[in-house]
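Keep the viewer open as you read.

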Amino acid sequence: MTWLSPDTFLTFCRGIPLADLTGFFSEAGLPPTASGSADGWAWLTHHPDTTPDGGAVQQLGQYITGFRYQDRVRDQHNVDMVFLASTPACSCGDRYAVPHCAEHPYQFAYSRGGFAVSLFNVGARRESRRFGGQADLFIRQFLEQGIVGRTTRYDTDPEFNPDGTHTIRIIAEHFGLPAAPLGPVRE
């Protein structure tokens, strides 16, 4: 299974070329620390040391097809953005419903055409609090894997999915995300 390197913000985009995506983030004062493209996805990484406002990275990715870039993105309605953060879930308030502060954005956010589709944190039972227009986008897979439900694998195995590795695997498979920026394979 794959997961991100520690303390990383990773934005995947399908529908905007890498050069344009990098330009949009740089123009907004959020230049990536690394970038690439594979399997139809462009991707950018940001590190909290150089870009501490993970919420700004997430929001720019989520709304990139909105007003600010509408004249520069040809087919806005078919732009998919997947944001992942390996920063810890926020402890500034309710640890499930994030963001409460700029340093702790949602650990997963998916938007299409500039609209939030699904947002939640991963691991340690946090997937049970999902938000967005299609908050239950992964409900079938989560139920099958025992991540959510009346009884879950969290109830029977205290070591299950503490960092969200199983959850990220489901997300990566669902979207066909390239493995390279996700980090090493772990069991």
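1. Let's begin with Asp7, which is partly exposed because its relative accessible area is 36%, a value that falls between the 20% limit for buried and the 50% limit for exposed. This is a predicted model, so please read each point as a description of a prediction. Asp7 sits in the segment before β1 (9-14). Its phi is positive, near 55°, although Asp7 is not a glycine.

2. Now turn to Asp39: is this residue buried or exposed? Asp39 is exposed, because its relative accessible area of 60% is over the 50% cut-off. Asp39, too, is a residue other than glycine with a positive phi, near 55°. You will find Asp39 in the loop between β2 and β3.

3. How do the two strands run? Strand β2 (residues 34-38) and strand β3 (residues 41-46) are antiparallel, and five bridges join them. To trace the pairing on screen, you could look for Ser37, whose bridge partner in β3 is Ala42.

4. Finally, have a look at Arg130, placed in the loop between β6 (115-120) and α3 (139-144). Its side chain makes a polar contact of 2.7 Å with the side chain of Asp136. A polar atom of the Arg130 side chain also lies 2.7 Å from the backbone oxygen of Glu127. Leaving aside residues up to four places away in sequence, Arg130 touches several others, including Leu119, Phe120, Ile139, Phe142 and Val148.

How values were computed: Residues are numbered from 1 along each chain as its sequence is written. This is a predicted model: local features need pLDDT of at least 70, side-chain atom pairs count only at pLDDT 80 or more; totals for chains, interfaces and linings use all residues. Side-chain values use heavy atoms; hydrogens and water are left out. Two strands pair if DSSP finds at least two bridges between them. Helices (H or I, at least four residues) and strands (E, at least two) are DSSP runs, numbered from the N terminus. Buried means under 20% relative accessible area, exposed over 50%, partly exposed in between (1.4 Å probe, protein chains only). A polar contact is a pair of N or O atoms within 3.5 Å; within protein, one must be able to donate a hydrogen and the other to accept it, and residues adjacent in sequence count only if both atoms are side-chain atoms. Contact means heavy atoms within 4.5 Å.
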